[in-house]
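The sequence and model come first, then the points to check against them.

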Amino acid sequence: MGAREDDRRRIPRTDVLLNDAEVRSAGRDKSVAEVEFVVRGVLARARSGQLGVDDVRAQVLSEVASPTYSGTPVLNATGVVVHTNLGRAPLSSGAVSAMVAAAGYVDVELDLATGRRGPRGLATREALLRCVPAAEDALIVNNGAAALTLVCTMLAQDGEVLLSRGEMVEIGDGFRIPPLIESTGVRLREVGMTNRTRLADYADAIGPRTRAILKVHPSNFRVSGFTTSVGFAELRTLGLPVIADVGSGLLSPDPALPDEPDAATTLRDGADLVIASGDKLLGGPQAGIILGSSALVERARRHPLARALRVDKITLAALEATLRGVEAPVPHYLHLDPARHEERTRRLADRLGATVVEVTGRVGGGGAPEVGLPGWAVVLPEACALHLRRGRPTVLARVEQGQCLLDVRCIPEESEEALESAVQFALSQV
Ligand SMILES: *Cc1c(COP(=O)(O)O)cnc(C)c1O
């Protein structure tokens, strides 16, 4: 059903709105094409009767003035630290400043002393190597999947890679390791059984075209019971390069996450190359980190595919600042002092007149599935969750057993007041 005929005639014309001084001023941050897109959209809704004719101008003014970036910042009250749907790791303020500094012209590939071209991202690589002295060299690419693609292609494009059946992993959202590797033309040879793979299984599988052994950390599940897997020191005895995809990006051991492998230990145990993500437990930007043998890292750096997978200057800046700066938000939230967490939760509950329950926070991001982070949450009526998602600031809470649970674990202390007012608003709506 469209607008009535006499109403239709009163709808302002596109060019009139585009030339309206107030519209132009409200839309000054937007391109001409974007303003036109907004105006046409509003007019189409008026013609179809979805929008009253008298509301057209106000709607145009409001829409052209909206920010040019549409992402909505979210207060993460779920207690899930690396939340995939919220963009994994929130960056430290140091990393944010570094990204702003790198946004303009910056000496990312220039040696200012000589005025000549310099190695790209040298400082980030050095920062990484200071954090993992067991690595001889490091290369940073777009993400963990890119790192895996690059390393497998470089080592085994004309051959095959061995992988245990117990490590044929689906990471999340349908992303599986085997098809990724095979998409590069590398053949994947399955070794052993789901629960048990022995050194002899690897040794028996080696043929004339075997180029490397891959070990993938099953980040998001555990096989327990009657199990056997082979360590790096043993695998090394087979005389092939051993690649370890540790996934989470821990650079050194974390006592709070005893089952998570880390880069330093994995290299010391005998892996030739370690692959990890930058935006999981490391708490940095999206990146893929390759660490290990200088000969292999150099080969990866010189491989033609490396150019297609390289990271931008903004990522290099954020990663360097994450590595050199104070504890990033992700490790901070993982190691939160329980007493302080309880105190903050009780204070918020008191102000809201709500109760507190014990809850278990999660590492998230497909990591450490068996690690629960003991904590507390404020209990609200279930219907609050929707109003919190739609409010400003936007708050994502956890809904469980008919309750809306607010966990302040991943909320910066300076955002607590904003959180409280968002909750007061949500409570007033239910
Ligand atoms: C997360 C993960 C990946 C993929 O890394 P991205 O950075 O998401 O591309 C690969 N392997 C393992 C074991 C992982 O946990």
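Leaving out residues up to four places away in sequence, L396 touches V74, L75, N76, A77, T78, H83, L86 and R389. Contact here means heavy atoms within 4.5 Å. L396 sits in strand β16, residues 394–400. This is a predicted model, in which local features need pLDDT of at least 70, side-chain atom pairs count only at pLDDT 80 or more, and totals for chains, interfaces and linings use all residues. Residues are numbered from 1 along each chain as its sequence is written, and side-chain values use heavy atoms, with hydrogens and water left out.

**Around β16**

- L396 has a relative accessible area of 22%, so it is partly exposed. The classes are buried (under 20% relative accessible area), exposed (over 50%) and partly exposed (in between), with a 1.4 Å probe and protein chains only.
- L396 and L386 are 10 residues apart along the chain, and their C-alpha atoms are separated by 8.8 Å.
- The peptide bond from R392 to P393 is cis, with omega near -5 degrees.
- P393 lies in the loop between α18 (384–390) and β16.
- Q401 is in the loop between β16 and β17 (403–406). Q401 is not a glycine, yet its phi is positive, at about 45 degrees. Its relative accessibility is 78%, so Q401 counts as exposed.

**Whole chain**

- The chain has 19 helices and 17 strands. Both are DSSP runs, numbered from the N terminus: helices are H or I with at least four residues, strands are E with at least two.
- Taken along the principal axes, the C-alpha atoms fill a box of roughly 85 × 55 × 50 Å.
- Of the 430 residues in the chain, 47% are buried.
- Take the contacts between residues at least 6 apart in sequence: 74% of them join residues at least 24 apart.

**Ligand site**

- The ligand is surrounded by 13 residues, and the closest are G144, S219, D245, S277 and K280.
- An N or O atom in the side chain of D245 is 2.6 Å from a nitrogen atom of the ligand.
- S277 places a polar side-chain atom 2.7 Å from an oxygen atom of the ligand.
- For N143, a polar side-chain atom lies 3.5 Å from an oxygen atom of the ligand.

- E260 is in the loop between β11 (242–247) and α12 (263–268).
- With 6% relative accessibility, E260 counts as buried.
- The side chains of E260 and H217 make a polar contact at 3.5 Å. A polar contact is a pair of N or O atoms within 3.5 Å; within protein, one must be able to donate a hydrogen and the other to accept it, and residues adjacent in sequence count only if both atoms are side-chain atoms.
- Beyond its neighbours within four places in sequence, E260 is in contact with H217, R222, S248, L250, L281, G367 and A368.

**Packing of α6 on α15**

- Helix α6 (residues 93–102) and helix α15 (residues 313–324) pack at an angle of about 150 degrees, and their axes are 8 Å apart. Axes are lines fitted to C-alpha atoms, for helices over the stretch in contact, and angles run from 0 to 180 degrees between N-to-C directions.
- From α6, the residues G94, A95, A98, M99 and A102 meet K313, I314, A317, A318, A321 and T322 of α15.
- By class, this contact has eight nonpolar, two polar and one charged residues. Nonpolar covers Ala, Val, Leu, Ile, Met, Phe, Trp, Tyr, Cys and Pro; charged covers Asp, Glu, Lys and Arg; the others, Gly among them, are polar.
- R88 is located in the loop between β2 (80–82) and α6. Although R88 is not a glycine, it has a positive phi of about 55 degrees. R88 counts as partly exposed, at 24% relative accessibility.

**Two further glutamates**

- E416 is in helix α19, residues 416–429. Its relative accessibility is 14%, so E416 counts as buried.
- Not counting residues up to four places away in sequence, E416 touches R344 and R347.
- E34 lies in helix α4, residues 32–47. E34 is partly exposed, with a relative accessible area of 34%.
- E34 and V64 are 30 residues apart in sequence and 8.3 Å apart in space, C-alpha to C-alpha.

Conventions
Near = heavy atom within 4 Å.
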